[in-house]
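Subject: Structure for you to look at

Hello,

Here is the structure I promised to hand over. Please open it first, then read my notes below.

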Amino acid sequence: MIYFRNVSLSFLDKQLFDKINWTIYPKGRIGLVGDNGTGKTTLFRAILDQAHLDAGFIDIPDRKQKKIGYLPQDLVELEATGLIEYLRKKSGITDLEESIRELEQKISHVKPNTHEYSELTRHYADATAEFSARDGYAFEARAKQILKGFGFRESDFAKTCDLFSGGWKMRILLTAILLEQPDIMLLDEPTNHLDTESMEWLESYLKDYPGTILVVSHDHFFLDKIATQIAELATCRIHIYKGNYTYYLSEKDRRMEALKKEMELQKAQIKKIEEFVERFRYKASKAAQVQSRVKMLEKFKDIKLEGNARSVVMRFPEGKKSVKEVVKVVDLGHSYGDLTVFSGLNFSLFRGDKVAFVGVNGSGKSTLSRLLSLSEQPAAGVVKYGDGVNMAFFSQESSQNLNYANTIWEEINSVPTTACDQTKRNLLGAFLFSGDDIFKSVGILSGGEKSRLALLKIMLLDTNFLVLDEPTNHLDIKTKDIFQNALINYSGTVAIVSHDRYFLDHLVNKVFELKDGKIFDYPGNYSYFIEKRSQNAADTTAKNNRGETALDKTLTLKDKKRIEAEERNRLSKIRSTLKKELVAVEGKIATLEARKAAHEKSLCDPETHRNSVKIKELQIDFKTVENDLENAYHIWTELTCKLEETDPAGAA
């Protein structure tokens with residue numbers, strides 16, 4: 001249990017917590033969410049007793065006996081200790097082993113059948129029991145299992161911790177926390193430094209974890225799979241939603257609408273009471289009633305709405321239409337010294353494609369993005385652009401895209417764009433640059449701010465092909481959603497590397513997986529890719545289990561041809577059905593557009609305005625027609641996209 005009682009905390013002139021009362025029960029699975037700067041990390045520090053509260057207290061019964069594991073958001077430095085040795089030490093196994101050896105030494109020098117001997121053997125029994133309970137005898141095997149889950153290779157186990165990069169150090173620390181098996185786990189953005197495979201492994205590991213988990217994350221899928229309760233930190237208070245992140249989003253909207261209705265009702269009641277008080281204030285016969293209503297006014301509680309979501313809409317400039325085949329990759333290969341990243345890659349990206357490149361860390365995703373953007377030359381093969389392709393590249397290395405000598409405003413104005421100053425300022429605000437921030441030097445910005453600025457510059461360019469390498473790493477959830485909508489509505493082609501599965505799932509129509517130096521394509525969104533990948537893995541396992549003879553191979557080739565023919569027939573039937581639906585929708589659109597034009601004509605006729613009943617009916621029907629027309633347009637777009645997806649040639 002963790003008890004928050006009237007917890008208040010301010011930082012300089014900003015209040016973070018205001019009389020927070022909250023009880024976290026054992027085995028809770030809580031996702032802590034809130035806008036940037038609301039105090040989520042500070043809340044973790046307060047639980048760890050590292051933040052001095054202004055008022056109230058946080059109580060953890062038997063705190064000294066409870067183990068609390070904390071993964072900070074910021075990168076950590078690790079000592080030059082062997083990887084396995086560090087994990088033994090960090091998880092407490094080393095201390096236990098030393099304690100057991102020390103007790104064995106003492107027992108060997110004490111006479112049996114004495115009080116001291118009995119005490120030492122009792123402590124020894126307790127220590128060995130704890131060592132066994134913590135699976136100390138199988139510690140190294142368990143440690144390697146978790147490390148492999150996070151993408152470490154066998155060759156990494158002999159390295160010292162200081163030799164790993166920042167992201168891998170965070171994985172080491174997370175491994176140590178899991179091995180320690182704490183009673184309470186505080187994870188601050190644990191997925192920031194994980195690839196999708198590692199995230200899936202972590203989700204599986206935490207699913208049956210016996211302790212309490214509090215996690216801060218911007219990963220929609222991760223929170224959906226881990227959290228059974230969402231705690232939102234907003235308006236200096238904690239608001240509880242009993243469900244996962246998807247439930248929280250819908251329930252929050254419902255609560256907001258209910259709160260708005262309550263506020264409107266309260267305003268109407270207050271206005272009515274105030275009118276009564278004002279009307280009869282000076283009538284002696286109504287004095288008691290007036291006083292009664294004044295007291296009623298004092299009892300009304302002030303209803304506060306949470307900060308409104310940003311209404312900023314981002315749109316890419318409408319670029320010139322490119323040729324159908326935007327980029328063609330032929331026999332592409334790359335290496336660094338003796339390390340071959342990949343070889344023999346062959347694929348094409350077509351106009352309107354939104355493609356995700358996925359794979360474990362080190363599979364070559366960022367390398368491929370640099371080759372696609374022509375910012376790096378391949379060791380073998382070619383990357384060929386079609387005519388009229390205007391490409392923009394977002395690199396994780398923001399120094400490639402920014403002039404550090406400029407101010408933010410100067411950097412934005414260096415972009416060749418038709419956007420006006422107000423549009424630029426709106427975008428700056430959406431990307432968390434407001435007020436005098438725009439006059440800061442680019443050189444003094446944090447890594448996250450530089451990444452956001454580089455992304456903003458791309459949004460101002462006239463492009464029809466985007467190559468994006470981890471563009472969402474430093475975006476909060478609101479900004480990320482706005483950016484995602486902009487990409488969804490982008491008419492050009494997108495090639496994106498990202499570990500944000502929810503972001504990819506709602507954006508891409510193809511997934512290219514880099515694996516073992518080769519590329520495998522999946523025609524669908526991220527969920528489809530996961531489903532097919534799991535199915536392929538299961539098929540491979542089953543095939544390996546039963547063995548494969550020469551006859552099996554022959555049958556497989558025949559089956560493959562049959563399956564391909566069946567697939568062509570299936571797609572043909574789907575296309576035929578979609579075309580019929582498309583004709584029907586186009587007919588409906590024509591009818592609705594004609595009705596809308598007729599209504600517009602009638603509403604412009606002075607004769608119509610003389611009949612109030614008729615004009616009211618027209619306005620109601622006009623609104624209905626507009627809504628029906630918007631839905632018809634949406635259906636037409638969906639059908640057209642599906643028709644394009646089922647075209648084996650990828651034609652528009």
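A residue counts as buried under 20% relative accessible area, as exposed over 50%, and as partly exposed in between, with a 1.4 Å probe and protein chains only. This is a predicted model, where local features need pLDDT of at least 70, side-chain atom pairs count only at pLDDT 80 or more, and totals for chains, interfaces and linings use all residues. Residues are numbered from 1 along each chain as its sequence is written, and side-chain values use heavy atoms, with hydrogens and water left out.

Start with strand β7 (residues 212–216). Helices (H or I, at least four residues) and strands (E, at least two) are DSSP runs, numbered from the N terminus. In β7, 5 of the 5 residues are buried, so the strand is largely enclosed by the rest of the structure. Both faces are covered. T212, L214 and V216 are buried on one side, I213 and V215 on the other. In a regular strand, side chains alternate between the two faces of the sheet.

Now its neighbours. Two strands pair if DSSP finds at least two bridges between them. Strand β6 (residues 184–188) runs parallel to β7, joined by 5 bridges. Here I184 has T212 of β7 as its bridge partner. From β6 the chain crosses through α7 to β7, a right-handed β-α-β crossover. Right-handed means that, with the strands pointing away from the viewer, the path from the first strand over the helix to the second runs clockwise.

Strand β3 (residues 29–33) also pairs with β7 in the parallel sense, over 4 bridges. I30 is bridged to L214 of β7. β3 pairs in the parallel sense with strand β8 (residues 229–234) too, over 4 bridges. There, V33 has E232 as its partner.

The whole sheet is open, with 6 strands in the order β5-β6-β7-β3-β8-β9 and mixed pairing. β5 (68–71) and β9 (237–241) are the edge strands, each pairing on one side only.

Last, the helices. The axes of α5 (residues 139–149) and α7 (residues 196–206) come within 8 Å and cross at roughly 135°. Axes are lines fitted to C-alpha atoms, for helices over the stretch in contact, and angles run from 0 to 180 degrees between N-to-C directions. The two helices are therefore oblique: under 35 degrees counts as roughly parallel, over 145 as roughly antiparallel, 65 to 115 as roughly perpendicular and the rest as oblique. Q145, I146 and G149 of α5 make the contact with S198, W201 and Y205 of α7. Contact means heavy atoms within 4.5 Å.

Best wishes
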